[in-house]
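User: I have a protein chain open here. Can we go through it together?

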Amino acid sequence: RLDPDRPNVLRAVADAPPAVSGGDFAPGGDAVALRTQSRAFVSRGLRGPAEEVELPGQGQGEAVTFTADGRHLLLGSEGSDSEILCVRVPVPVPGARDR
């Protein structure tokens with residue numbers, strides 16, 4: 001539980017791939033995506049096995065977020081007017097809605 005009136009100490013709950021530049025929880029919080037320059041890792045829960053996804057080329061790839069329906073990842077990079085890419089989530093995410 002976080003306390004807004006004092007410093008909160010973080011503690012490790014799982015290992016992460018090296019050079020992670022961004023991450024996001026799926027809508028509903030049942031899956032997590034972590035991103036490096038060239039790969040994304042999607043797993044159900046923080047300690048579950050991760051499905052590795054090769055990402056399309058993107059200069060200085062940094063950001064990742066789930067779409068509102070939980071079925072795709074949006075990928076961003078640095079700089080104004082940077083391209084936003086979309087890739088399908090490789091593992092079923094609880095609560096994802098078909099579209």
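User: Which residues lie nearest the centre of the largest pocket?
Analyst: D15, V32, L34, S43 and L46 do, out of 14 lining residues. A pocket is an open set of 1 Å grid points, over the protein atoms alone, where a 1.4 Å probe fits, with protein on both sides within 12 Å along at least five of seven lines; lining residues have an atom within 4 Å of a point. This is a predicted model: local features need pLDDT of at least 70, side-chain atom pairs count only at pLDDT 80 or more, and totals for chains, interfaces and linings use all residues. Residues are numbered from 1 along each chain as its sequence is written, and side-chain values use heavy atoms, leaving out hydrogens and water.

User: Which strands supply at least two residues each to that lining?
Analyst: β1 (22-25), β2 (31-35) and β3 (39-44). Strands are DSSP runs of E, at least two residues, numbered from the N terminus.

User: How many helices and strands does the protein chain have?
Analyst: Zero helices and seven strands. Helices here would be H or I runs of at least four residues.

User: What does the side chain of R35 reach at 3.1 Å?
Analyst: The backbone oxygen of A63.

Definitions and conventions
A polar contact is a pair of N or O atoms within 3.5 Å; within protein, one must be able to donate a hydrogen and the other to accept it, and residues adjacent in sequence count only if both atoms are side-chain atoms.
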